[in-house]
Amino acid sequence: MQSFSSFLNNFNPDPSKAGKTLLVLNALGMVFAAISNTFAAGTDKNTSKEDKKFLVPAGAATGVANIALYYGMTTKIIDKLGGKDITKNGTTTHIRGLADDIIDTMKQDGSFDVQLKNFVNNQISKAEKGGLFGLGKKSSEYIESMKTSLLKNGLPSDYAASKFAGQIKSGMGVLGAFIGAVVGCAIFTPIIRDISAYFVQKVREKKNPSLQDQPYRPYFDPSHLKVDYKGKKQPLSMKAYMAFTNSGNMKI
């Protein structure tokens, strides 16, 4: 049976795994949210059939575009921050990220070695004492194997340095996933929703030109808030809404 120490020495986790895992979980959450929102719009008894013809395709288009943009954008951010490994023909090449520059800077000013020692001590202390009420406390055999892997002649081993550097890269990957989620939800989602609504409405207008003179209800506003247009609260037609929006004077 492979010893714990041997397992650790041969274990090389992907530093970007934590960030990519969070990315996938967020994307799955967005998938379920898009499906539920579209389903709700299509089955809402208080929504007319004409509104459903607009809301359902707009919701579906928004979900697909939003998820695709979020996933592609966030993957790039995670790679830029944490770096990534590319394996081709059995050869692994590491593409540097911001985390690699941070690690190099820490090594140059000596802070890497200081924090590495603290990292090793904390790992061993957690194994010996466990967490709250001693939860997570490890056996003496496990602790000795851990010390053999993390220490060499009383100093942090190369494996410990690699593990600590990987933790920094992993943290940067998680930060990248968080930035992608914030930027996507706060900035791009409202834009994508309105773009999707615009194109869905234009397709409907081609089939039925009379829709241009009917009140336009932006998809980002499912409650159909009325727009303050020239001092009067009234719903706008698509044509009037787009003209007013482009003027930069819209107030909600």
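Visitor: What covers the buried residues of H2?

Guide: The cover includes H3 and H7, where contact means heavy atoms within 4.5 Å. This is a predicted model, in which local features need pLDDT of at least 70, side-chain atom pairs count only at pLDDT 80 or more, and totals for chains, interfaces and linings use all residues. Residues are numbered from 1 along each chain as its sequence is written, and side-chain values use heavy atoms, with hydrogens and water left out.

Visitor: Which residues of H2 are called buried?

Guide: They are Gly19, Leu23, Ala27, Met30, Ala34, Thr38 and Ala41. Buried means under 20% relative accessible area, exposed means over 50%, and partly exposed lies in between (1.4 Å probe, protein chains only). An α-helix has 3.6 residues a turn, so residues three or four places apart point the same way.

Visitor: Why is Leu28 called partly exposed?

Guide: Leu28, which is found in helix H2, has a relative accessible area of 42%.

Visitor: What makes up the nonpolar patch on the surface?

Guide: Val24, Leu25, Leu28, Val31, Phe32, Ile35 and Tyr71 form the patch, with about 640 Å² of accessible area together (Shrake-Rupley method with a 1.4 Å probe; for residues, only the protein chains shown count as cover). A patch takes residues with over 30% relative accessible area and no salt bridge; nonpolar side chains (Val, Leu, Ile, Met, Phe, Trp, Tyr) are joined within 5 Å, and like charges within 9 Å. A salt bridge is a side-chain nitrogen of Lys or Arg within 4 Å of a carboxyl oxygen of Asp or Glu. Helix H2 (residues 17-43) provides the largest share, six residues.

Visitor: How does the span of H2 compare with the expected one?

Guide: H2 has 27 residues and reaches 39 Å from its first C-alpha to its last, close to the 39 Å expected. The expected span is 1.5 Å times one less than the number of residues. Helix H3 (residues 49-82), with 34 residues, reaches 48 Å, close to the 50 Å expected. Helices (H or I, at least four residues) and strands (E, at least two) are DSSP runs, numbered from the N terminus.

Visitor: Which residues touch the most other members of the largest nonpolar core?

Guide: Of its 16 residues, these are Phe112, Leu116, Val120, Leu150 and Phe164. Such a core is a set of buried Ala, Val, Leu, Ile, Met, Phe, Trp, Tyr and Cys residues joined through side-chain atoms within 4.5 Å. H5 gives the most to this core, with six residues.
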